[in-house]
2 protein chains.
Amino acid sequence: MTRFVPAGFRVAGVNCGIKSNPSKNDLTLIVTDQPCVAAGVYTQNLIFAAPVAVDRARTPSARIRAIVANSGNANACTGHRGLRDALDMARQGAAVCQAAEDQALVLSTGIIGEYLPMEKIARGITLAAQNLDGDESAFVQAARGILTTDRQHKVADRTVHIGDRPIRIVGMAKGAGMIGPRMATLLGVLLTDAPLSAGSAQNVLQQVADASFNCISVEGHTSTNDTLLLLASGQAGGEPLAGVELAQFQKALLGLCEELAPLIPADGEGATHLITIHANGCATPAAARQIAQTVANSALVKTAVAGADPNWGRIVSAAGYAQVPFDPAGVTLRVNGHLLYARGEPVAFDAAAVSASMRAEPETRIELAFTEGQAGIRFWTSDLTAEYIRINADYHT
Amino acid sequence: MTRFVPAGFRVAGVNCGIKSNPSKNDLTLIVTDQPCVAAGVYTQNLIFAAPVAVDRARTPSARIRAIVANSGNANACTGHRGLRDALDMARQGAAVCQAAEDQALVLSTGIIGEYLPMEKIARGITLAAQNLDGDESAFVQAARGILTTDRQHKVADRTVHIGDRPIRIVGMAKGAGMIGPRMATLLGVLLTDAPLSAGSAQNVLQQVADASFNCISVEGHTSTNDTLLLLASGQAGGEPLAGVELAQFQKALLGLCEELAPLIPADGEGATHLITIHANGCATPAAARQIAQTVANSALVKTAVAGADPNWGRIVSAAGYAQVPFDPAGVTLRVNGHLLYARGEPVAFDAAAVSASMRAEPETRIELAFTEGQAGIRFWTSDLTAEYIRINADYHT
């Protein structure tokens, strides 16, 4: 089969019985041929899960050999036993490739407050070890192993040429789930054969995450398990990337993450629209982020999009309470390219036409412009529908 | 009829045709016999409505004679013409009691981005002027004139004895609305015959608002029109309150506002439960507020309450992303008095019993305790139901 995964990695995804439906994968294994560079960014929640504690202590690193991930159980709020289970799960993953127990990372997503079913995990690791491969089918199986109730798996890949070397990058992610307590949880894994130092990998990953995975929300509830990992095998060859070449790699990785990250709100619980919010003309990047995020988290904006309502009042007033100073007389707003509000005043527009475009298109583009400076951001979120409520309020009735 | 409104005030509420249903009031007039002290606190939104601009410039004051309020139209985002309309509305209210045009305040709530129907407003003021009274019925009619789609009017009253003087305080408020763009808007008016200096009135009102009306949310979207006014006629007699007596008055006013404010989320759009969140043991009052507000605004917490789900994971993890440092091992959580989480670990509890109590009681009490200090807060919000989505997404279909 054609190789899809970057050189140096093999992957597998299987069902080991954590999810009762055997057609749904619940365990993913990624192993490397040689020790490789690993970087990670993690949830900022003070209440964080055991796998986050393990991985945070082990990254950045230049000697990682494996990642073991499971869905169906988040191993969060499980105390000392949960930490012991996460360490045990890592040890078993490392053993697949005869590595030391601290050379593996772990990811978990799903129900919180319950202990991991360690017998199933062990069986799954054994089964996955027999199915490791580098083709596209194996990568999709692996990407399916980290899903909870996502409607579809989320992968992206690209090959970029840096200097004379073709560099391969692939990524997988999962979005909002609905298992048990249903914490929206983000997990992402990026694999590359680029040669990177551990320090560069960590630095690049943090910057890329800030402009991609940290620019999405479903309902704004930061989970206990959010983790994004980058593994670099270096098997594309040559010295670790630096300077212009490192910048080229970062740009390619960002491009991939900008493709992967919005798949999460597009597949958000109950979502019928992806909402893309641009905030431009801001004084600082932090100000742009704060405004875009406040608009993204407004239930009134999200329900307006669900109802195909070009409700400029809700959008402009959400920006107004973002606790970022701006000149109200300088605000301009476009929705799906239609001008609704210019320089601080509403303008006449064809509401039926804008509503029809919102109804017809799966993505709603909200463009806010200010007159404070040059900074901007793009932020993605989901609309808010009765189906979201059904999923999160009525699931046990 | 028995006097209900404090001495020095007469009030009326009428329908003047802004709302098409003639049984729903849409204009409220409050006049005073003599110039009185007025204090106000207003929306922090940078996008604020014309009436907010007018009132903010006119308070605190010692010479206010009238308040004119309308529902059905918020006079927000209406530019220069909106400001002229607000000033004109105030002038007409002042004329009812032969006062100067700058001796009146104005309040508006309802649809945003449309000009006030000034002919209807003028007719309403004339009609209301013929119906001014001081009895309870007149006050209820006045309280009905500021409602949008609140299911019921919201009033509270009390008489307190300060020194040898009985002091009368009455208040009215409105909550989440659903007219046109449906901005959740808070309006509140407090009337008293207490003698207060303008400076004391402003100071007391700000402190009382911070502990009552600023501790509620429905979906966390700060409106363009939020306004809370306190008018003090001084007709209880004597020198302006100071020292211990002023503190007694503040306590009484706070008690009244603690009764009035939670009526708003209890009657929030689509709400089936009032949620009361206590955050105690925090380092500072600001930290307690930040934690309680973050829990209150979590869609996952609000849907869990709607579904009668004692979902401690959602509550504890919402506290965890409030961006307030705390020791996770010191967190304790009770829901409706049941201990769910103690000192950083989940505890065994009877989930069916807690769920049954959440289903049976109209109020869900969430008590979070930390080990950082002595500061605490009580915060009120609504649960989140499919009816909220219907109101805000589907209203024009």
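## Strand E2 and its partners in chain A

E2(A) and strand E3 (residues 61–73) of chain A pair in the antiparallel sense over seven bridges, where two strands count as paired if DSSP finds at least two bridges between them. Here Cys36(A) has Ile64(A) of E3(A) as its bridge partner. Strands (E, at least two residues) and helices (H or I, at least four) are DSSP runs numbered from the N terminus. This is a predicted model, in which local features need pLDDT of at least 70, side-chain atom pairs count only at pLDDT 80 or more, and totals for chains, interfaces and linings use all residues. Residues are numbered from 1 along each chain as its sequence is written, while chains are lettered from A and ligands numbered from 1 in the order in which they are written.

E2(A) itself, residues 27–42, is mostly covered, with twelve of its 16 residues buried. A residue is buried if 20 or more other C-beta atoms, placed from the backbone, lie within 10 Å of its own.

## Chain A as a whole

Chain A has twelve helices and 15 strands. Its radius of gyration, taken over C-alpha atoms, is 22 Å, close to the 21 Å that the globule rule (2.2 Å times the number of residues to the power 0.38) gives for 397 residues, so chain A is as compact as a globular protein of that length. The C-alpha trace spans about 70 × 55 × 40 Å along its principal axes.

Buried residues account for 61% of the 397 in chain A. Among contacts between residues at least 6 apart in sequence, 80% join residues at least 24 apart; a contact means that the C-beta atoms, placed from the backbone, lie within 7 Å.

## A sheet in chain B

Now for a sheet in the other chain. In chain B, six strands make an open sheet of mixed pairing, in the order E12-E11-E10-E13-E9-E14. Its edge strands, each pairing on one side only, are E12 (345–346) and E14 (375–382) of chain B. Helix H8 (residues 285–296) of chain B packs on this sheet, touching E9 (274–282), E13 (363–369) and E14 of chain B, and its direction makes about 25 degrees with that of E14(B). Such angles run from 0 to 180 degrees between N-to-C directions, with axes fitted as lines to C-alpha atoms, for helices over the stretch in contact.

Within the sheet, E10 (residues 332–335) and E11 (residues 338–342) of chain B run antiparallel and are joined by three bridges. Arg334(B) has Leu339(B) in E11(B) as its bridge partner.

## How the two chains meet

Chain A can be laid on chain B with an RMSD of 0.1 Å by a turn of 180 degrees and a shift of 0.0 Å along the axis, superposing by least squares on C-alpha atoms of residues with pLDDT of at least 70 in both. That is the relation of a two-fold axis. The same surface serves both copies, as 100% of the contact residues of chain A recur in chain B. Of the residues of chain A, Ala386(A) comes closest to the rotation axis, its C-alpha at 2.4 Å.

In this interface, 44 residues of chain A are in contact with 44 residues of chain B. The elements giving two or more residues to the chain A side are helices H9 (299–306), H10 (312–320) and H12 (386–393) and strand E13 (345–346) of chain A. H10(A) provides the largest share, six residues.

Notes. Contact = placed C-beta atoms within 7 Å.
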